[in-house]
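Welcome, and please get your viewer ready for a short walk. We will select charged residues and a helix, stop by stop.

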Amino acid sequence: MNPLPILIAAAIGLTACKPSCTDAAYEEVKAAVAAKLTSPSTATFPPLDQIQVTSHQSDTLCTPNFQGFVDAQNKFGATVRVDYFAATNRKGKKEAFSVSILELKQR
């Protein structure tokens, strides 16, 4: 019997229980992007799996970049799609994320 499939399943099960730095960073990005919108309370973000993420993660460093979109109302009350690119940085597990919004553009 090959133990490799059992080891892989065990490893996936252990890592699935721990929230990744990318999930936490995405929450910070959503808050930062919403704060830049005309009507932040109307912001609707897609799930993390529907945006592009470039993630760099180690035991002490977490620096994912996010390229995605948000739907929100503009000053006329119309719902528009806004594209964004945001970079994040966290130097330690107990440190807060630093979020830089590099691009915010309405379609």
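Begin by selecting arginine 81 and aspartate 71: they form a salt bridge, with their closest N and O atoms 2.7 Å apart (a salt bridge is a side-chain nitrogen of Lys or Arg within 4 Å of a carboxyl oxygen of Asp or Glu). This pair links distant parts of the chain, as arginine 81 is in strand β3 and aspartate 71 in strand β2, 10 residues apart. Strands (E, at least two residues) and helices (H or I, at least four) are DSSP runs, numbered from the N terminus.

A note before moving on: this is a predicted model, in which local features need pLDDT of at least 70 and side-chain atom pairs count only at pLDDT 80 or more, while totals for chains, interfaces and linings use all residues. Residues are numbered from 1 along each chain as its sequence is written, and side-chain values use heavy atoms, leaving out hydrogens and water.

Next, select aspartate 83 and arginine 107, whose salt bridge has its closest N and O atoms 3.0 Å apart. Aspartate 83 is in strand β3, arginine 107 in the segment after β4.

Now move to helix α2 (residues 21–36). Here lysine 30 forms a salt bridge with glutamate 27 at 3.1 Å between the closest N and O atoms; being 3 residues apart, they are separated by about one helical turn.

Finish at arginine 90, in the loop between β3 and β4. Arginine 90 is buried yet has no salt bridge (buried means under 20% relative accessible area, with a 1.4 Å probe and protein chains only). The nearest side chain of opposite charge, glutamate 28, is 8.5 Å away.

How values were computed: The expected span of a helix is 1.5 Å times one less than its number of residues. Buried means under 20% relative accessible area, exposed over 50%, partly exposed in between (1.4 Å probe, protein chains only). Lys and Arg count as positive and Asp and Glu as negative; His and the chain ends are not counted.
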